[in-house]
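Please walk through this structure one region at a time, with the sequence and the model side by side.

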Amino acid sequence: MTTSLSDSPVLAAARRAREAAAELAPVPRKVKDAALLAIAEALVARSAEITAANAEDVAKARAAGTAESVIDRLTLTEERVAAIAADVRSVVGLPDPVGEVVRGYTLPNGLDIRQVRVPLGVVGIIYEARPNVTVDAAALCLKSGNAVLLRGSASAYRSNTALVAVVRDAVAAAGLPADAVQLVPGESRESVTELMRARGLVDVLIPRGGASLIRTVVEGSTVPVIETGTGNCHVYVDGQADLAMAVSVLLNSKAQRVSVCNSAETLLVHQDIAEEFLPLALAALAEAGVTVHGDEAVLGAAEGSAATVVPATEEDWETEYLSYDLAAAVVPSLDAAVAHIRRWSSGHTEAIVTSSQAAARRFTQLVDAATVAVNASTRFTDGGEFGFGAEIGISTQKLHARGPMGLPELTSTKYVVTGDGHVR
């Protein structure tokens, strides 16, 4: 017997989420915060249950030959569960965006117009092997009045199942609908496809992961997608840069943590300072264990040094390495650097190091990215670092939300028009 689309477990979950979202939308902040505190307490109290489920996922991943870097992101310990609980508590302290008046005014005819923030409704999150995202997304969606459908990778299925069970129990005990947080049923690709096609039941999808996952969701979804793009980030060292500052910003951007989307992947150096700067930069990168994929000028500067420099290919300029690799080139001008960035950037974060206000101003005006940094590391593109708490992801698109997405970005707006018998 075949199952019709209307009987699909995924669509049934989406319908329950839609009902829960309607119930959750008017809930006041104190009730939502109480539910979040209950979640944090339950995570700690049931950490043994969570880590036991996670151990099964980790064992399965190791048996499949999964890379240790991926296993590390997958692994949950009691300390990591406690850290996740602490992150949930931090969301409690954040302002509730729901009901905020974005703008308001009274027309000459006496009509009162207010644009207010409202929840998006049902948010679907499709993500890879990072169980912490399960709780982060649930907490942020609850605080902003949204129901959430969580579709993690099959490699973390047991971990996510345990985490969602804990969260749902805590939410229900706090008097809110448990169906505000649901794990999308199934481990197959078909369940992802159904979620992507649940237009009318799911209001928005947010993919979090590698380029392949994001492209699949963006190209295959009929549900509106907020694209959290890859990070092919550049550091441009201008002809009027403080060299010590430039080395420091470059090292932090590239080597502080290489596996994240806001780490730098390409270095561009103005030709006027290349002869002086490149030996300093290459030595520092070599000490950090970074392999440089350089153009002819960079290769020439590396001769006789201890740096590991290999010839750059066309592919290097478009690569998000997420490793101890960095593409590097010498450019004749700031405008040439901008042209290179315009061609190869993923629109995430671009940085300039310069002591010239004119150069900084021109760079920020011409570069098209979610974040443009002046004399600062690309690693600051992060919700916590920006000072507005946790984030659901970093958007590289231009509609609705761009850059780190906090609670306000998980809302839409509606206009409330109040009159006194007004007719047109």
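The model is predicted, so local features need pLDDT of at least 70 and side-chain atom pairs count only at pLDDT 80 or more, whereas totals for chains, interfaces and linings use all residues. Residues are numbered from 1 along each chain as its sequence is written, and side-chain values use heavy atoms, with hydrogens and water left out.

A search of the whole structure finds two aromatic pairs, where rings of Phe, Tyr and Trp (its six-membered ring) pair if their centres lie within 6.5 Å, and planes under 30 degrees apart count as stacked, over 60 as edge-to-face and the rest as tilted. Phe363 and Tyr236 form a stacked pair, at 6.1 Å centre to centre and with 15° between the planes. Because Tyr236 lies in strand β7 and Phe363 in helix α14, this pair ties together parts that are 127 residues apart in sequence; helices (H or I, at least four residues) and strands (E, at least two) are DSSP runs, numbered from the N terminus. Tyr236 is likewise buried, at 0% relative accessibility. The rings of Phe386 and Phe388 have their centres 6.2 Å apart and their planes at 80°, so this pair is edge-to-face. Here Phe386 is partly exposed, with a relative accessible area of 37%, and Phe388 is partly exposed too, at 31%.

In the loop between β12 and α14 lies Ser356, which is buried with a relative accessible area of 13%. Its side chain reaches the backbone nitrogen of Ala359 at 3.0 Å. Leaving aside neighbours within four places in sequence, Ser356 is in contact (heavy atoms within 4.5 Å) with Asp238 and Gln240.

Strand β7 also meets helix α10, whose buried residues pack against β7 (233-237), β8 (264-270), α11 (271-287), β11 (325-331) and β12 (349-353). Among these buried residues of α10 are Leu243, Val247 and Leu250. At the N-terminal end, α10 is capped by Asp242, a side-chain oxygen of which lies 3.1 Å from the backbone nitrogen of Ala244.

Elsewhere, three strands form an open sheet in the order β1-β2-β16, with antiparallel pairing; two strands pair if DSSP finds at least two bridges between them. Since β1 (101-106) and β16 (411-418) stand at the edges, each with a single partner strand, one side of each is left without a neighbour in the sheet. Five bridges join β1 to β2 (residues 112-119), and Gly104 stands opposite Arg114 in β2.

Definitions and conventions
Buried < 20%, exposed > 50% of the residue type's maximum accessible area, 1.4 Å probe, protein only. Polar contact = N/O pair within 3.5 Å; in protein donor to acceptor, adjacent residues only side chain to side chain.
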